[in-house]
Amino acid sequence: MTETAEETAPVRTRSRVRLHPVLVAVPIGCWFASTVLDLAARSHDPREFTTAATWLVGIGLLGAAVAGFAGFVDGLPIRPGTAAYRSLLVHLSLAMALILAYLVEYVLRLGTPPDRTVPVGVLVFALANAAALVATVVWGALVAHRLGDAEAS
């Protein structure tokens, strides 16, 4: 008697819900919005834009702390030595560097008077942080994809 493909396929169980992908929406949104507001402040009255952008960077930092903890917990089941684990370490390194960069940006912003636009150097730094944010998000999606592949097998 031969076994069919259905009988030999691994049993798929329902995956647990991961909070990290949901929670990262807060810092991602805050940090991108702060950059957009910085650019908008260049052509409009900067008072509200500069203050709001600074607040958004700070809120993003708080959100990143919560999302980072959830990411740590979500990553615990990944076995060391696997491709998913190596991708996780790269994503973690990028995320930690990004949080540090946004912390530096936040401190730099605190020295900007609310009635002025952020200095050009801070704006360039914010744009570089936004580019690094994209790289971190893409790498995080790769981790999620590899983790999904690991669970499917």
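The model is a predicted one, in which local features need pLDDT of at least 70 and side-chain atom pairs count only at pLDDT 80 or more, while totals for chains, interfaces and linings use all residues. Residues are numbered from 1 along each chain as its sequence is written, and side-chain values use heavy atoms, with hydrogens and water left out.

The chain averages a pLDDT (the predictor's confidence in each residue, from 0 to 100) of 85, and 84% of the residues score at least 70. Helix H3 has the highest confidence, at a mean of 95, and helix H1 (residues 5-8) the lowest, at 49. Over residues 7-14 the pLDDT is below 50, and this stretch has four contacts in the model beyond near neighbours in sequence; a contact means heavy atoms within 4.5 Å.

Among contacts in the chain with a separation of 6 or more, 81% join residues 24 or more positions apart. Of the 153 residues, 31% count as buried, meaning under 20% relative accessible area, against over 50% for exposed and in between for partly exposed (1.4 Å probe, protein chains only).

Buried residues of H5 include Leu88, His91, Ala95 and Leu98. Leu92 also belongs to H5, but counts as partly exposed because its relative accessibility is 45%.

The largest pocket has a volume of about 810 Å³. On a 1 Å grid over the protein atoms alone, a pocket is an open set of points where a 1.4 Å probe fits, with protein on both sides within 12 Å along at least five of seven lines, and lining residues have an atom within 4 Å of a point. Its lining comprises 34 residues, with His20, Ala67, Gly71, Leu88 and His91 nearest the centre. Helices H2 (20-23), H3 (25-41), H4 (46-75), H5 (83-110) and H6 (120-152) each supply at least two lining residues.

Methods. Grid points are joined across faces, edges and corners, and a volume is the space filled by probe spheres set on the points. Helices (H or I, at least four residues) and strands (E, at least two) are DSSP runs, numbered from the N terminus.
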